Amino acid sequence: MDGGWTGAVLTGLGALCVEGLTQTERGFASPAVAPSCSLCGPAVMAAGRPEAQDHPPENGFTPLEHPVPRLLPHIDGSVLPSLGGFGKHQKQLVVLTWIPALFIGFSQFSDYFLLAQPNGTCVQPLANHSNWTAAPPPVTELQLRANGTGEGQGDGGALLCACKEWRLELQTGLSQNVVTKWNLVCDSAWKVHIAKFSLLVGSIFGYLVMGVMADWFGRHPVLILSVLFMLVFGLSVAFSVNVTMFSTLRFFEGFCLAGLALSLYVLRIELCLPAWRFSMTMVASFLMVGGQLLMPGVAALCRNWPDRDDWQVLQIVIISPFVLMLPYVWIFPESLRWLLATQHYRRSKAMMLCIARKNQVGMTTEPSGVLTELEQELHKKPQRTCIVKMMSTRNLWKNIVVLCVNSLTGYGIHHCFARSMMDPEAQPTALCHADYYTMAGIAVATCLALCPAVGLMGRRGGLLTFMIITALASLLQLGLLNFLRDTLNRKFSVAFSIIGMFSSHAVSQLSIFFCAEITPTVIRGGGLGLVLASAGFGMLTAPIMELHNQKGYFLHHVIFACCTLLCIICLLLLPEPRGQPLPESLADGETFTRQTLLHPGEQHLLLAKNDGDYSRVHDTPLHLSATGGATVAVATALAAVPASYALATGGEVIGNRAIANGV
């Protein structure tokens with residue numbers, strides 16, 4: 001019996017010696033000069049060393065030797081710098097992602113011309129109104145749309161729509177579009193809103209589906225499939241024979257356009273090092289706004305085209321440039337970051353050698369050891385991750401949900417500000433041109449302001465600032481203007497609308513970029529697709545309000561104003577990704593947590609004031625886990641030690657418990 005507890009004591013004391021040696025050797029240059037243990041003999045020390053045992057670490061015993069950190073998971077810190085950093089090859093590929101941004105801008109704003117409401121004049125009234133002796137007065141755009149929603153202006157509205165033949169005139173650059181082609185006015189005006197829905201709803205589904213496919217099959221296949229089907233469905237729209245076919249094909253066009261925009265956005269982000277990500281993204285945003293500004297000129301060039309309707313020529317012109325992206329099948333590679341994150345190591349090796357050769361980096365000596373480590377990982381099988389696994393995380397899903405709400409609120413309230421800016425007394429033609437160029441100018445100003453704002457305040461600070469401005473503009477417009485006179489009310493309403501459109505556009509753009517930075521590579525497509533789909537839902541509120549003839553507009557504005565206040569609170573929970581490497585795995589995404597608001601020095605001083613209150617707390621579970629399991633093992637072993645043995649070895653007896661050597 002004595003031999004049993006004696007062996008337990010020796011084992012526990014051996015572990016205690018190992019723990020003491022481990023803590024003491026931290027201050028020595030090598031283990032050779034570390035002090036030895038005078039309490040236990042060599043046999044006990046050898047028996048107590050964890051590295052001398054063959055079984056895995058258990059019961060608190062941890063190995064003394066730490067494994068060498070891996071290089072492949074650290075793409076921004078190890079892999080890309082060893083391949084030349086943001087070199088010539090990466091810059092060429094980023095330029096290739098910029099070129100389609102201009103064409104995407106054309107397609108996204110084509111509804112303003114293809115579905116523009118015309119001015120109409122009744123040429124031939126219906127038979128039951130044949131008692132008209134003079135030509136009826138012209139029916140304006142607002143009258144046509146109002147009667148088309150079933151909310152006509154009494155008997156006068158019904159009388160104006162009682163027409164057999166219309167003469168419709170456009171003033172938006174085209175002489176004929178979808179509305180004039182099939183007389184989508186009065187009772188058929190609701191079909192125009194359905195056509196507007198189709199492109200946005202197709203984009204929402206495209207962001208969700210193509211984002212998941214980009215994570216599962218790669219960014220390059222999604223890009224190429226989107227280009228091919230964009231050409232097929234986009235050109236088919238130009239040959240529609242009725243509005244139903246037009247709306248159906250526009251749905252698939254929006255679906256493919258979403259996949260194209262998402263894959264290019266993700267590829268651009270994953271090509272860049274941390275210092276280049278935001279600037280390269282803003283260049284693409286400028287090009288998309290450039291497409292918005294050039295769209296009226298393109299529409300004017302398609303006016304009065306022989307042997308073809310103007311809207312058909314315009315649709316062909318804005319889709320045909322995507323033919324230039326067909327060579328991307330061969331010249332644009334898969335994302336190296338995605339290949340490494342999903343363990344496609346064989347493809348990664350060939351791509352890394354190609355990148356090093358184009359960046360003129362010699363990989364024969366390869367001092368960083370990236371290729372050496374890659375050779376050891378070639379036997380592993382690829383592992384893919386679905387966006388659904390985001391729900392098993394603790395912090396990541398909350399961050400993405402916050403950004404989804406931000407994106408939805410930004411685009412939703414943007415339409416509220418745009419609606420408030422419109423002058424109800426202006427002519428429809430002037431209203432269309434003025435509003436279009438005002439929104440384009442605000443988009444340009446937003447891109448210009450985002451660059452210095454994000455550079456000074458960071459991603460989270462800039463997003464919070466613009467959201468506060470949006471909330472203030474919305475609340476002032478809803479509450480303060482009721483106490484002003486009509487003339488001042490109109491002026492302040494326009495001013496607050498411009499400020500709100502400016503800040504809400506910045507919130508939307510920055511929320512999308514924020515999501516691309518904090519979402520891990522393995523689910524970046526799906527996470528970004530969720531935020532972009534939320535933005536699509538926000539944009540969908542505009543045609544919904546038009547379909548209901550702007551009924552409920554005030555409540556719509558109030559709801560989104562409340563959402564801005566909620567977003568301000570939630571934004572404080574987001575991390576700051578500026579200057580940080582992109583997360584690659586779900587575990588990396590969990591490391592992006594909110595930083596403390598206090599400076600590290602201030603936090604240290606704050607904690608130092610209360611050190612005395614906790615100075616006597618040593619044997620807490622956290623302390624025991626931090627110092628290792630050796631002390632726990634010794635305490636367990638000494639539980640069987642008699643009191644007489646404890647006193648003989650220099651311990652003391654407190655009550656019925658034996659305390660040996662301070663344990």
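These legends go with close-up views of a predicted model.

Because the model is predicted, local features need pLDDT of at least 70 and side-chain atom pairs count only at pLDDT 80 or more, while totals for chains, interfaces and linings use all residues. Residues are numbered from 1 along each chain as its sequence is written, and side-chain values use heavy atoms, with hydrogens and water left out.

**View 1. The chain as a whole.** Let's start with the overall picture: the chain has 27 helices and four strands. Helices (H or I, at least four residues) and strands (E, at least two) are DSSP runs, numbered from the N terminus. Of the 663 residues, 48% are buried (under 20% relative accessible area with a 1.4 Å probe, protein chains only; exposed is over 50%, partly exposed in between). Among contacts (heavy atoms within 4.5 Å) with a separation of 6 or more, 81% join residues 24 or more positions apart.

**View 2. Helix 18 beside helix 21.** The axes of helix 18 (residues 396-421) and helix 21 (residues 524-547) come within 8 Å and cross at roughly 25°. Helix 18 is therefore roughly parallel to helix 21. Here axes are lines fitted to C-alpha atoms, for helices over the stretch in contact, and angles run from 0 to 180 degrees between N-to-C directions; under 35 degrees counts as roughly parallel, over 145 as roughly antiparallel, 65 to 115 as roughly perpendicular and the rest as oblique.

**View 3. Helix 9 against helix 21.** Helix 21 also packs with helix 9 (residues 190-217), at an angle of about 175° and with the axes 7 Å apart. The two helices are therefore roughly antiparallel to each other.

**View 4. Ser504 in helix 20.** Ser504 sits in helix 20 (residues 486-518) and, at 0% relative accessibility, counts as buried. A polar atom of the Ser504 side chain lies 2.8 Å from the backbone oxygen of Gly500. Beyond its neighbours within four places in sequence, Ser504 touches Gly410, Ile413, His414, Phe417 and Thr470.

**View 5. Two glutamines with positive phi.** Gln343, in the loop between helix 15 (336-341) and helix 16 (345-358), has a phi near 65°. Gln360, in the loop between helix 16 and helix 17 (370-376), has a positive phi of about 60°. Gln343 counts as buried at 16% relative accessibility, whereas Gln360 counts as exposed at 74%.

How values were computed. A polar contact is a pair of N or O atoms within 3.5 Å; within protein, one must be able to donate a hydrogen and the other to accept it, and residues adjacent in sequence count only if both atoms are side-chain atoms.
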